[in-house]
Amino acid sequence: MNGDQTMRDAVVAFCAAAGKEPLLVQGAGGNVSWKDGDTLWIKASGTWLADAAEKDIFVPVELAQLRAAVAAGQFDVKPVVRGESALRPSIETLLHALMPQPVVVHLHAVEVLAHLVDADFVAGFEQALPASISWVAVPYRKPGADLARAVSEALTGSGASVVFLQNHGVVIGADSPAAVT
């Protein structure tokens, strides 16, 4: 079995399990991606993570095109889909391209959201999280270009693998789905 198929299988299993946990994922919310060379595989808009084992919920997009747009400050870039697909990439695809890690998970976990709605959530996380977790916080922005720009600015030079989005959710970058948990 090749490396990409192994990664795909691991991502699908992770999504199917996480998608069935209502405290992690509500409805079609959240998205997961993995990088395979110059391709970013992202959960399609309107699909459910819980359906990952039964349906094809991922759409391949050109990663280099997204990274070039970010480098040029073009955060309203529309992802270019590779091949023939009726699926549309998530509105938050650029968040996944911004993270250098091979796997990116974006969830609206209820337990985390309970803290992210607090105006002083950063201070709370500074006290609660171990120093071994490299993270950044981003004030609330509407999903799409505004959010992508804010996340890009927060990540620049940080080396962070976790992004807390105020009133929104958490984005985690890792080497594999197993490393997210």
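Two strands pair if DSSP finds at least two bridges between them. Strands (E, at least two residues) and helices (H or I, at least four) are DSSP runs, numbered from the N terminus. The model is predicted: local features need pLDDT of at least 70, side-chain atom pairs count only at pLDDT 80 or more, and totals for chains, interfaces and linings use all residues. Residues are numbered from 1 along each chain as its sequence is written, and side-chain values use heavy atoms, with hydrogens and water left out.

**View 1. Strands E5 and E6 run parallel.** Four bridges join the two strands. Val 138 stands opposite Leu 165 in E6. H6 packs on the sheet and touches E5 and E6; contact means heavy atoms within 4.5 Å. The direction of H6 makes about 145° with that of E5. Helix H5 (residues 121–128) also lies across E5 and E6, at about 165° to E5. Axes are lines fitted to C-alpha atoms, for helices over the stretch in contact; angles run from 0 to 180 degrees between N-to-C directions.

**View 2. Seven strands form an open sheet.** The order is E3-E2-E1-E4-E7-E6-E5, with mixed pairing. E3 and strand E5 (135–138) stand at the edges, each with a single partner strand, so one side of each has no neighbour in the sheet. The twist averages 15° from one strand to the next.

**View 3. Helix H2 has a buried side.** Leu 63, Leu 66, Ala 69 and Val 70 of H2 are buried (under 20% relative accessible area; exposed is over 50%, partly exposed in between; 1.4 Å probe, protein chains only). These four cover an arc of only 130° around the axis, which puts them on the same side of H2. The arc is that of the directions from the helix axis to the C-beta atoms. The buried residues of H2 pack against E1, E2, strand E3 (58–62), H3 and helix H6 (145–155). Gly 73 follows H2, with a positive phi near 75°.

**View 4. Asp 38 forms a salt bridge with Arg 82**. The term means a side-chain nitrogen of Lys or Arg within 4 Å of a carboxyl oxygen of Asp or Glu. The closest N and O atoms are 3.1 Å apart. Asp 38 lies in the loop between E1 and E2, and Arg 82 in the loop between H2 and H3, so the pair ties together parts 44 residues apart in sequence. Asp 38 is partly exposed at 35% relative accessibility; Arg 82 is partly exposed at 28%.

**View 5. Asn 167 has a positive phi, near 60°**. Asn 167 sits in the loop between strand E6 (162–165) and strand E7 (169–174). Its relative accessible area is 40%, partly exposed.
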